[in-house]
Amino acid sequence: MSFDAALNTTNGYYDISIDGDGDIATQESFETALLMSIFCERRALPSEVATPNLRRGWIGNDGFEIGSKSWLYEQARINRSTMNGVNTSANNGLKWFIDDKLLASISATSTVTESALGLTISLSRFNSPVEYRYYNLWSNTGVN
């Protein structure tokens with residue numbers, strides 16, 4: 001079996017790069033894993049959402065749920081309780097980075113701007129400075 005791919009690095013047609021040795025270049029980045037850990041919908045428990053077909057997530061998960069339950073707060077009024085719930089949900093979704101010893105520390109904190117509820121992620125690699133990422137969770141939420 002052969003695989004042919006037309007790679008245009010100038011225009012960025014593919015999300016891959018080839019290094020000087022002809023191998024696929026890798027990055028020491030957690031961007032995709034962070035996005036999956038926050039924005040994939042972890043299935044809600046029966047105590048959180050009573051109707052089974054409204055619990056979201058992937059029903060086939062067995063023993064490991066990817067993502068967070070931040071989606072539970074998407075229609076909630078933005079107040080301290082909602083922000084605390086988003087923080088808890090996001091931190092639970094990110095916990096696997098520590099469990100798998102990929103990072104020394106990671107934490108999520110929700111913030112409110114004029115038009116959005118955002119999430120600031122602080123992560124620390126082993127023997128490396130702290131990095132920050134910011135994601136808008138919901139824009140135009142009517143925040144005054």
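**Entry 1: the chain overall.** I counted two helices and three strands in the protein chain. Reading along the sequence, I get the pattern α-α-β-β-β. I'm noting that this is a predicted model. I also looked up burial: 30% of the 144 residues count as buried. Then I checked contacts between residues at least 6 apart in sequence, and 41% of these join residues at least 24 apart.

**Entry 2: the two helices.** How do I describe a packed pair? Two packed helices are described by the angle between their axes and the distance between the axes. Here helix α1 covers residues 31-39 and helix α2 covers residues 80-99. Their axes come within 8 Å and cross at roughly 140°. Therefore α1 and α2 are oblique to each other. I also looked up the handedness, and the crossing of α1 and α2 is right-handed.

**Entry 3: who touches whom.** Which residues of α1 meet α2? On the α1 side I found A33, L34, S37 and I38. They meet A90, G93, L94, W96 and F97 in α2. Sorted by class, this contact has seven nonpolar residues, two polar ones and no charged ones.

**Entry 4: S68.** Next I went to the loop between α1 and α2, where S68 sits. Is S68 buried or exposed? S68 counts as buried because its relative accessibility is 1%, and the cut-off for buried is under 20%. A polar atom of the S68 side chain lies 2.7 Å from the backbone oxygen of I38. Leaving aside neighbours within four places in sequence, I listed the contacts of S68: S37, I38, C40, E41, R42, S89, A90 and G93. From this list, S37 and I38 also turn up on the α1 side of the helix contact, and A90 and G93 on the α2 side.

Terms used. Residues numbered from 1 in each chain as written. Predicted model: local features only at pLDDT ≥ 70, side-chain atom pairs only at ≥ 80, totals over all residues. Heavy atoms only, no water. Axes fitted to C-alpha atoms, helices over the stretch in contact; angles between N-to-C directions. Helix = DSSP H or I, 4+ residues; strand = E, 2+ residues; numbered from the N terminus. Parallel < 35°, antiparallel > 145°, perpendicular 65-115°, else oblique. Left-handed = near helix turned anticlockwise from the far one by under 90°. Contact = heavy atoms within 4.5 Å. Nonpolar A, V, L, I, M, F, W, Y, C, P; charged D, E, K, R; others polar. Buried < 20%, exposed > 50% of the residue type's maximum accessible area, 1.4 Å probe, protein only. Polar contact = N/O pair within 3.5 Å; in protein donor to acceptor, adjacent residues only side chain to side chain.
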